[in-house]
Amino acid sequence: MKKEEIFGEYEEHILSTYRKIPLVFVKGKGSRLWDIHNRVFLDFFPGWGVNNIGHCHPKVMSAVRDQISRLIFVPNSYYNVCQAQLAGELSFYTFPASYFFCNSGAEANEAAIKLARKFGKGRYGIITFENAFHGRTMGALAATGQEKYQRGFGPMLEGFTSVPFNDISAVEKAAGPETAAVMLELIQGEGGINVATKEFAASLRELCDRKKLLLIVDEVQTGIGRTGKMFCYQNYGVMPDVLTAAKALGGGLPIGLMAVRKEFADVLGPGMHASTFGGGPVICKAALAVLRAIRREKLLENAVEMGEYLKQRLYALKEKYPVIKDVRGMGLMLGIELAVAGDGVVEYCREKRLLINCTHERVLRIMPALNVTRGQINKAAGILSGAFARV
Ligand SMILES: Cc1ncc(COP(=O)(O)O)c(C=O)c1O
């Protein structure tokens, strides 16, 4: 198909729920993407946080090929060796937990919301945070404390109270007799790379213990090595009761995960929650390959080292260009806050074949693959410098 024909089919047949960028990608490898005209792009926002180990990692490809030729799917009413293997591997990286597998971040958060309500035994309140993003389904949307995503879809699911981020006294004030849980991203991704302070995270843990609330940490974007640890909570030394993950866990295939601390593992029993496709053999093999690749290729170490290097390059740009107000983030989850709207910078970069993202209007989101190289960072920093020189 020619590019114009593809655009035509979209125009004619695909619901326009996404703002589209007029590019058609046909091949990917590591941090590189090839478009339909065979032009190569450097991807510093791979898959919106999905391709943490780069595009088409060979280990993921061979795991999927191998599993597809044996057994593509069995439902969760049977035992599935791939899910058992994935759970075993995951257990090296989380607190002692039992897992529930589903297909997306929103679905994982829906599971957490249901678990919180069941745990609450009538207490149904969940405290969330301004500028949070937890997904687009009705429960996750209610948890997403941003009016722009909720507008037109009301009434929202009851029970969510949104309070300012990093403000423990606001949480304390909001926690009433009906509250069952607190839910947060330790680094708000869509909300503009807002980093929770260590004091805030520790105080939240203490408050949840004192008031018998579940602490739910949404690691859909921060998880799977993004911040230099397998999960971001490990940077804080604060253990969640419930963790949700998705995006990068499947290496490009859809998966969602809810990890529940052992002492709450009986809250949801047989028949109370389900997901037909969740944890099927192919996706579990893909996820297993992702986790093993991160370990064997020392990608957490690389994320820390390259994250520090990239941060230094961005700090240097901040010194040079007053349009940059702030550089923040952890590992390879970095944000550049501008004094102006960021769309122009994103477009300029795209013209120079560097893919980045802008969120919250003025925050450039830079999240390269964990196996990004120094050379690729140098190239990206050069293009970014050209962009800032123009604004
Ligand atoms: C922190 C966070 N939670 C949940 C979601 C929703 O995930 P999904 O799009 O897989 O439903 C996202 C997606 O960007 C996210 O960043």
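This is a predicted model: local features need pLDDT of at least 70, side-chain atom pairs count only at pLDDT 80 or more; totals for chains, interfaces and linings use all residues.
Two remarks on conventions. Numbering starts from 1 along each chain as its sequence is written. Local features need pLDDT of at least 70 and side-chain atom pairs count only at pLDDT 80 or more, while totals for chains, interfaces and linings use all residues.

Overall build. The protein has 12 helices and 17 strands; these are DSSP runs numbered from the N terminus, helices being H or I of at least four residues and strands E of at least two. Of the 391 residues, 47% are buried, meaning that 20 or more other C-beta atoms, placed from the backbone, lie within 10 Å of the residue's own. Along the principal axes, the C-alpha atoms fill a box of roughly 55 × 55 × 45 Å.

Now strand 10, residues 214-218. All 5 of its 5 residues are buried, so the strand is largely enclosed by the rest of the structure. Leu214, Ile216 and Asp218 lie on one side, Leu215 and Val217 on the other. Strand 10 runs parallel to strand 7 (residues 179-184), with 4 bridges, and parallel to strand 11 (residues 242-245), with 3; pairing requires at least two DSSP bridges. Ile216 stands opposite Met183 and also opposite Val242 in strand 11.

Last, the ligand. Its shell holds 14 residues, and the closest include Ser104, Gly105 and Val220; the criterion is a C-beta atom, placed from the backbone, within 6 Å. Helix 4, residues 105-120, gives the most, with 3 residues.

Terms used: A residue is buried if 20 or more other C-beta atoms lie within 10 Å of its own, exposed if 12 or fewer, and partly exposed in between; C-beta atoms are placed from the backbone.
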